[in-house]
Amino acid sequence: MFERFTKSARGVVKGAVVQAQRAGADSVTEEHLLLALLDQEGTRSSFAFAALGIAGRRGAVADALAHVRRRGGLSKADEEALAGIGIDVTEIVSKVEQTHGEGAMRPGRGGARRGRLTGHRPFTRQAKAVLENSLRVALGRGDRHIGDEHLLLALTAQPGAVADVLTEYGATYGAVERALFGPDAAAAS
């Protein structure tokens, strides 16, 4: 599959590994893939981010991802749904952090440290799914290569915190597809 990756898509994958290393993470996640995409310049995904008004908002997106991570992966929609039945997530997070320390609800906390010891950071199951789904997106569009644009579309299509954050910034699958391929793109696929 990786032989089909364009130079920019390979740059995203390598950038995701660097993002994980900088964060001291044990593995590479779909969040790292998104942050690496946001760091790209002169690519199809950077064009889509610019068209959607996200290009200059990397810090805000990173903060939104950190907010979701701090709450154990719960998105704003999850928080609102829980609030609707009387559960205050902020209060719960506060109490858990009082007892167990800040960031206690972060996914993957206390996991294996192999990546820190060897320098190798494996991709999580979800990050691998994004890579696999980028192939499906490319094939569905009739493309013979996998570009950074396919990685971005795969991130928007995979349910979870990253897609939720992208949606908060208006980067739904349809919006990204229109930004990348024009207004008739959604009707064609």
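**Group meeting: salt bridges and a surface patch**

Okay, let's start with E31, which pairs up with R69 in a salt bridge, and the closest N and O atoms there are 2.2 Å apart. E31 sits in helix α2, residues 30-39, while R69 is in helix α4, residues 58-70, so this pair ties together parts of the chain that are 38 residues apart in sequence. Before I go on, keep in mind that this is a predicted model.

So, are the two partners buried or exposed? E31 comes out at 16% relative accessibility, and since the cut-off for buried is under 20%, E31 counts as buried. R69 has a relative accessible area of 28%, which makes R69 partly exposed.

Next up is R44 with E149. Their closest N and O atoms are 4.0 Å apart. If you want to find them on the screen, look for R44 in helix α3, residues 44-51, and E149 in helix α9, residues 148-157. Those are distant parts of the chain, 105 residues apart, and this pair links them. As for accessibility, E149 is buried, at 4%, whereas R44 is partly exposed, at 36%.

Now the other one I want to show you: E177 and R141. Here the salt bridge has its closest N and O atoms 3.3 Å apart. Why does this pair tie together separate parts of the chain? Because E177 lies in helix α11, residues 173-181, and R141 lies in helix α8, residues 125-141, and those parts are 36 residues apart in sequence.

Which residues form a nonpolar patch on the surface? That would be I85, I87 and I92, with about 270 Å² of accessible area together. I92 is found in helix α6, which covers residues 89-100. At 41% relative accessibility, I92 counts as partly exposed.

That's my tour.

Notes. Residues numbered from 1 in each chain as written. Predicted model: local features only at pLDDT ≥ 70, side-chain atom pairs only at ≥ 80, totals over all residues. Heavy atoms only, no water. Salt bridge = Lys/Arg side-chain N within 4 Å of Asp/Glu carboxyl O. Helix = DSSP H or I, 4+ residues; strand = E, 2+ residues; numbered from the N terminus. Buried < 20%, exposed > 50% of the residue type's maximum accessible area, 1.4 Å probe, protein only. Patch = residues over 30% accessible without salt bridge, like charges linked within 9 Å, V, L, I, M, F, W, Y side chains within 5 Å. Areas by Shrake-Rupley, 256 points an atom, 1.4 Å probe, with all protein chains shown as cover.
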